[in-house]
Amino acid sequence: MAQAYIVAAARTAGGKKGGRLSGWHPADLAAQVLDALIARTGADPALIEDVIMGCVDQVGEQAVNVARNAVLASKLPESVPGTSVDRQCGSSQQALHFAAQAVMSGAMDCVIAAGVESMTRVPMGLPATLAQKNGFGTYKSPAMEARYPGVFFSQFTGAEMMSRKYGLSKDALDAYALQSHQRARAATETGQFTEEIVPVPVRLADGSPTDEMHARDEGIRYDATLEGIAGVKLLTEGGTITAASASQICDGAAGLLVVNERGLKALGVEPLARIHHMTVIGHDPVIMLEAPIPATERALKKAGMSIADIDLFEVNEAFAPVPLAWLKVTGADPQRLNVNGGAIALGHPLGGSGAKLMTTLVHALHKRGKRYGLQTMCEGGGLANVTVIERL
């Protein structure tokens, strides 16, 4: 079977809700990343055989196949197709898996895996809430209700369940949140993100462009202190989670160009990384956020690797209990985890986060001269993807 190689990886800098990316239509924002991938490789755009794009809230400006709309908003020819993927927060990590599977099978040679989410313009959960408000029902079917009677599936509930199950105190979560900001600040100030970020013009709320470029993640709190984080109001009375220990609402897009050996020759480029292993699992949908733990265990077993074989980890910081519980169970070295900060500081643009984390992981492996990286993230419905890559 052919191998799957990543030959380009790029992302926009994260934008805060109502911030510097809020004037961008999500299809146009994603198109900026598609164009950047082509520009960075010098590839003939006509060689791209598909664009697979993760997006969670596929309604309004992200409806009617945002992947195809991004292609039509880009410099890619009309001959390039596109399809949109929803595996909740893992949508664009799954897009990467689908792209890799396509080139490994030989069915295609050059595929773009990408993701986008404008959480400003398409608020989180809108497909469900808008339909229900207008009398079109809810996603929870009678059969689901019979299996999970009275359960309201909630990531916030799941995060509190994770804290209780793994004995994680609010103090520990707050300290982790501070670390995320400190690492993101250090990475930004030392240029760790410079090569991976696609600068885009800041647009006003009405979409009109400005002369200013957005090239720095907007959510980092450079003056964050433990006292300030500890003082943020709890989301649930008697709980452990606050907005400071949860991922930030974020606008953003990211993408990776994935090819096999024929694709390498056709494009005339050198690979950045090889996709070494891919896993996806289903787990308990009530606690919901725990799935990265068994998914990592399964992935390492199937890959014939140990946790010590992995040089860098990206575990999405949906909520601080997720990476902390993952560390506690796996025994991974905390100095290898989210070394440039995570979603608590940098933001979590839902369907764009999988490609965003992989972009950061690929570049971090090169900057640090390390070999293997592992990415995983919790996903709505109790799902988790795991991707292991090898730097080349």
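Is Glu290 buried or exposed?

Modeller: Glu290 is buried, with a relative accessible area of 6%; buried stands for under 20% relative accessible area, exposed for over 50%, and partly exposed for what lies in between, with a 1.4 Å probe and protein chains only. The model is predicted, so local features need pLDDT of at least 70 and side-chain atom pairs count only at pLDDT 80 or more, while totals for chains, interfaces and linings use all residues. Residues are numbered from 1 along each chain as its sequence is written, and side-chain values use heavy atoms, with hydrogens and water left out.

The side chain of Glu290 forms a salt bridge with that of Lys165, at 2.6 Å from N to O. The term requires a side-chain nitrogen of Lys or Arg within 4 Å of a carboxyl oxygen of Asp or Glu. Lys165 belongs to helix H6 (residues 155-165), whereas Glu290 lies in the loop between strand S9 (273-282) and helix H10 (292-303), 125 residues apart. Helices (H or I, at least four residues) and strands (E, at least two) are DSSP runs, numbered from the N terminus.

Helix H6 itself has Gly158, Ala159, Glu160, Met162 and Ser163 as its buried residues. Their cover includes H7 and helix H11 (321-330), judged by contact, that is, heavy atoms within 4.5 Å. At the start of H6, a side-chain oxygen of Ser154 comes within 3.1 Å of the backbone nitrogen of Phe156. Just after the helix, Gly167 has a positive phi of about 60°.

The structure holds 13 salt bridges. Another of them joins Arg185 to Glu189 at 3.1 Å, N to O. These two residues are 4 apart in helix H7 (residues 170-189), so about one helical turn separates them. Arg185 is partly exposed at 35%, and Glu189 is partly exposed at 48%.

A further salt bridge, at 3.7 Å from N to O, connects Glu195 and Lys367. Because Glu195 sits in the loop between H7 and strand S6 (200-203) and Lys367 in helix H13 (residues 353-368), the pair ties together parts 172 residues apart in sequence. Glu195 is partly exposed, at 49%, and Lys367 is partly exposed too, at 36%. Elsewhere, salt bridges that share partners join Arg11, Glu196 and Asp217 into one network.

Arg11 also has its charged end over the ring of Phe193, 4.9 Å from the centre; this calls for NZ of Lys or CZ of Arg within 6 Å of the ring centre and within 35 degrees of the ring normal. Arg203 likewise lies over the face of Trp24, at 3.6 Å from the ring centre.

S1 pairs with strand S8 (residues 250-259) in the antiparallel sense over 6 bridges; strands pair if DSSP finds at least two bridges between them. Within S8, Ala254 is the bridge partner of Arg11. S1 also runs antiparallel to S9, with 2 bridges, and Ile6 has Ala273 as its bridge partner there.

Methods: A polar contact is a pair of N or O atoms within 3.5 Å; within protein, one must be able to donate a hydrogen and the other to accept it, and residues adjacent in sequence count only if both atoms are side-chain atoms.
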